[in-house]
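Thanks for coming, everyone. Let me put the model up, and then we'll go through its salt bridges.

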Amino acid sequence: MLWRLFITFVRIGGFTFGGGYAMLSLIQHDVVEKNHWMTNEEFIDLFAVSQSLPGVFAVNMSIFIGYRLKGYLGAVVCAIGATLPSFIIILLLAMFYQEVNDNVWVQRVMYGIRPAVVAMIAIPVITTWHAMKGTWRIVWIPILSALLVWLIGVSPVWIILGSALGGIIYSIMRRD
């Protein structure tokens with residue numbers, strides 16, 4: 001089982017570009033649908049907790065999944081599996097960056113990967129939205145947040161603080 005966990009997270013970490021959110025759909029597929037290691041509801045709860053903790057989101061998820069299935073050793077194995085591919089790739093890039101930085105083919109590959117990364121991030125957002133039973137009535141909040149960051153350059157810190165304040169005000173108004 002430990003080897004299976006390791007291989008699962010090495011594969012996810014090695015073939016996902018775009019960070020933790022791009023990994024989310026692959027983690028969900030392997031953990032919930034393919035291996036049935038947890039239910040979709042448990043996965044959504046794990047997703048919420050992993051987001052709220054400091055550190056790399058996908059690594060947090062791998063640690064929780066490993067711990068849930070095989071205790072402390074499972075947590076370590078999953079964390080190593082999730083981070084090892086990125087470590088190796090970054091190490092190789094650092095070693096050869098100067099040699100390939102101006103290569104037109106490398107630039108084209110990186111440019112071509114961008115739409116795939118956007119799609120890999122959008123898919124888990126949509127999947128999570130459906131799992132949380134989100135409505136179209138409030139979809140303007142994440143869209144506005146993304147536009148404020150992207151187009152105007154508002155710091156995500158202000159978006160988070162504003163969202164927290166909005167949530168508090170909304171909760172108070174609903175109680176009355």
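Is Asp30 buried or exposed? Asp30 is buried, because its relative accessible area is 2%. Buried means under 20% relative accessible area, exposed over 50%, and partly exposed in between, with a 1.4 Å probe and protein chains only.

Two ground rules. This is a predicted model, so local features need pLDDT of at least 70 and side-chain atom pairs count only at pLDDT 80 or more, while totals for chains, interfaces and linings use all residues. Residues are numbered from 1 along each chain as its sequence is written, and side-chain values use heavy atoms, with hydrogens and water left out.

Back to Asp30. It lies in helix H2, residues 20-34. Helices are DSSP runs of H or I, at least four residues, numbered from the N terminus.

Now its partner. Asp30 forms a salt bridge with Arg11, with the closest N and O atoms 1.9 Å apart. That pair links distant parts of the chain: Asp30 in helix H2 and Arg11 in helix H1, 19 residues apart. A salt bridge here is a side-chain nitrogen of Lys or Arg within 4 Å of a carboxyl oxygen of Asp or Glu. Arg11 is partly exposed, at 33% relative accessible area.

How many salt bridges does the structure hold? Two. In the other, Arg68 pairs with Glu42, the closest N and O atoms being 2.9 Å apart. Arg68 sits in helix H4 (residues 57-100) and Glu42 in helix H3 (residues 40-52), 26 residues apart. Arg68 is partly exposed, at 43%. Glu42 is partly exposed too, at 33%.

Terms used
Helices (H or I, at least four residues) and strands (E, at least two) are DSSP runs, numbered from the N terminus.
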